[in-house]
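Reader: I would like to learn how to read a structure like this one, feature by feature. Could we go through it together?

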Amino acid sequence: MAVGQSIVMERVGRREDVIFDDVFEAYQDRIYNCIYRLMGNSEDAYDLTQETFLRAYASLPKIKGELKIGPWLYRIATNLCMDQLRRRKLIRWEPLDNLLAVFHPRQAAKDGPERETLRQESREMVHRVLEKLPPKYRACLVLREYQDMSCEEIAEVLGTTRSAVKSLLFRAREEFRVVHAKLEGVSPA
């Protein structure tokens, strides 16, 4: 963690309004992007980002001891998204191109319309696959693949252990592969 973030965390622990503005500026885009990937909608992402920071600010007086700002904010954001998704029972996702490349590689010319068409088809397929995954799997994959978080960081965000995250990632990737194969009409190996 950067030295500047440690200093900010100490001051935020005392709930200094000006310093919390610095935290908001430092994390707003990252939290928004994470929520956008989870929700798939910019309006929801904007609203839930605001709600994340409102809840964080309101909880500061209750925090005791050391506070790691980043994982704490991601945890609040992820919990808000999971609650919202449970209420809706309808989940829309931004595709995970990196995952699709692992599970469904295709060869195409480096530049050209075929490659762009394949990319669009891939994004749509990933979108459909992720809609079928349980929310906890989606959250874990988004935090790992889009936010590039380590297993330790994901564990802090999801409120679990590193080994549980590794297991969850394994199961999520396996489920992704199985669902993808079914949608493609291929028997999963």
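Author: Gladly! Let us start with a term: a residue counts as buried under 20% relative accessible area, as exposed over 50%, and as partly exposed in between. Y36, at 23%, is therefore partly exposed. Please keep in mind that this is a predicted model.

Reader: Which class does Y32 fall into?

Author: Y32 has a relative accessibility of 25%, so Y32 counts as partly exposed.

Reader: How many aromatic pairs does the structure hold?

Author: There are 2 aromatic pairs.

Y32 and Y36 form a stacked pair, with centres 6.2 Å apart and 20 degrees between the planes.

Reader: What separates Y32 and Y36 along helix α2?

Author: The general idea comes first. An α-helix has 3.6 residues a turn, so residues three or four places apart point the same way. Here, Y32 and Y36 are 4 residues apart in helix α2, so about one helical turn separates them.

Reader: And which residue lies over the face of Y27?

Author: That is R30, at 4.5 Å from the ring centre of Y27.

Reader: Now the helices. How do I read the length of α4?

Author: Compare its span with the expected one. Helix α4 (residues 69–88) has 20 residues and reaches 29 Å from first C-alpha to last, close to the 28 Å expected at 1.5 Å a residue. α7, with 12 residues, reaches 15 Å, close to the expected 16 Å.

Reader: Why is α4 described as largely enclosed?

Author: Because 14 of its 20 residues are buried, α4 is largely enclosed by the rest of the structure. As for α7, its buried residues are Y137, R138, A139, C140, L141, V142 and L143.

Reader: What should I look for in the backbone angles after α7?

Author: Most residues other than glycine have a negative phi. D148, which follows α7, has a positive phi, near 55 degrees. D148 is found in the loop between α7 (135–146) and α8 (151–158), and with a relative accessible area of 60% D148 is exposed.

Reader: How many disulfides does the structure hold?

Author: The count is 0. C81 is in no disulfide, and its nearest cysteine sulfur, that of C34, is 6.6 Å away. For a disulfide the two sulfur atoms would have to lie within 2.5 Å. C81 is buried, with a relative accessible area of 0%.

C151 is in no disulfide either, and the nearest cysteine sulfur belongs to C140, 7.4 Å away. At 15% relative accessibility, C151 counts as buried.

Conventions
Residues numbered from 1 in each chain as written. Predicted model: local features only at pLDDT ≥ 70, side-chain atom pairs only at ≥ 80, totals over all residues. Heavy atoms only, no water. Helix = DSSP H or I, 4+ residues; strand = E, 2+ residues; numbered from the N terminus. Expected span 1.5 Å × (residues − 1). Buried < 20%, exposed > 50% of the residue type's maximum accessible area, 1.4 Å probe, protein only. Phe/Tyr/Trp six-rings, centres within 6.5 Å; stacked < 30°, edge-to-face > 60°. Lys NZ or Arg CZ within 6 Å of the ring centre and 35° of its normal.
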